Amino acid sequence: AGGGCPATSGEHGSGGSAGSYAEWSNVAVTSGTPYVCAVGSGGTGVAGAAGNPGSGPTTLTIGGVTVSCPAGLGGLLGASATVSKIGAASGGIATGGTINCAGAAGGASYASTTNGWSGKGADAGMFGSGGNSIASGATTTGNNAIGFGAGGGGAGAFGTSTKAGGNGAPG
């Protein structure tokens with residue numbers, strides 16, 4: 001999911017959460033077994049608002065059995081130079097797998113007019129790395145996630161310009 005955006009100087013957006021994860025074992029598959037896979041896209045960071053959630057779950061259906069992994073949620077809008085923002089909550093728990101897990105929450109921002117930082121996007125285990133935090137004093141767009149299923153990093157603002165949070169990675 002996309003990282004959050006700051007609305008005010010001295011505040012930073014929080015990080016987007018990661019998509020959920022599932023493992024599926026002991027599935028009887030033979031030659032010719034039909035399957036369908038749909039990969040959800042990563043949410044985008046936007047300027048002047050919370051980050052967008054990922055679009056739709058990533059699903060895999062094999063022989064009539066479906067595993068569904070919800071996308072992550074967008075990072076939160078920073079609107080105060082004195083109040084930090086929590087990171088985006090998990091987008092939900094995967095269903096239909098042998099093991100079903102929720103995506104990790106995004107990182108919180110730290111508000112300060114002199115020394116703050118944005119929230120890091122949530123990592124997606126070994127599959128993707130969340131967008132890194134923006135260091136103190138920077139007014140810049142959030143860092144994009146890398147790989148699969150990870151959240152975008154929040155943007156930073158010390159001037160009056162509004163920057164977009166980083167983009168999340170697809171399913």
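How do the residues of the lining of the largest pocket divide into nonpolar, polar and charged? In this predicted model, the lining comprises 22 nonpolar, 14 polar and 2 charged residues.

**View 1. The largest pocket and its centre.** The volume of the largest pocket is about 590 Å³. Its lining is made up of 38 residues, and those closest to the centre are Ser20, Tyr21, Ala22, Cys69 and Gly171.

**View 2. Strands in the pocket lining.** Three strands, β1 (21–23), β3 (58–62) and β4 (65–69), each contribute at least two residues to the lining of the largest pocket.

**View 3. The hairpin of β3 and β4.** Strands β3 and β4 are paired in the antiparallel sense, with 5 bridges. Together they form a hairpin in which 2 residues lie between the strands. Within the turn, glycine 63 has a positive phi of about 55°. One of the bridges joins threonine 58 to its partner in β4, cysteine 69.

View 4. A disulfide is a covalent bond between the sulfur atoms of two cysteines. Here a pair counts as a disulfide when the sulfur atoms are within 2.5 Å, and the model contains 0 disulfides by this rule. For cysteine 37, the closest cysteine sulfur belongs to cysteine 69 and lies 9.9 Å away, which is too far for a bond. For cysteine 101, the closest cysteine sulfur is also that of cysteine 69, at 9.1 Å, and this distance is likewise too far for a bond.

**View 5. The accessibility of cysteine 101.** Cysteine 101 counts as partly exposed because its relative accessibility is 29%, a value between the limits of 20% for buried and 50% for exposed residues.

Key:
Residues are numbered from 1 along each chain as its sequence is written. This is a predicted model: local features need pLDDT of at least 70, side-chain atom pairs count only at pLDDT 80 or more; totals for chains, interfaces and linings use all residues. Side-chain values use heavy atoms; hydrogens and water are left out. Buried means under 20% relative accessible area, exposed over 50%, partly exposed in between (1.4 Å probe, protein chains only). On a 1 Å grid over the protein atoms alone, a cavity is a set of points where a 1.4 Å probe fits but cannot get out, and a pocket is an open set with protein on both sides within 12 Å along at least five of seven lines; lining residues have an atom within 4 Å of a point. Grid points are joined across faces, edges and corners, and a volume is the space filled by probe spheres set on the points. Helices (H or I, at least four residues) and strands (E, at least two) are DSSP runs, numbered from the N terminus. Ala, Val, Leu, Ile, Met, Phe, Trp, Tyr, Cys and Pro count as nonpolar, Asp, Glu, Lys and Arg as charged, and the others, Gly among them, as polar. Two strands pair if DSSP finds at least two bridges between them.
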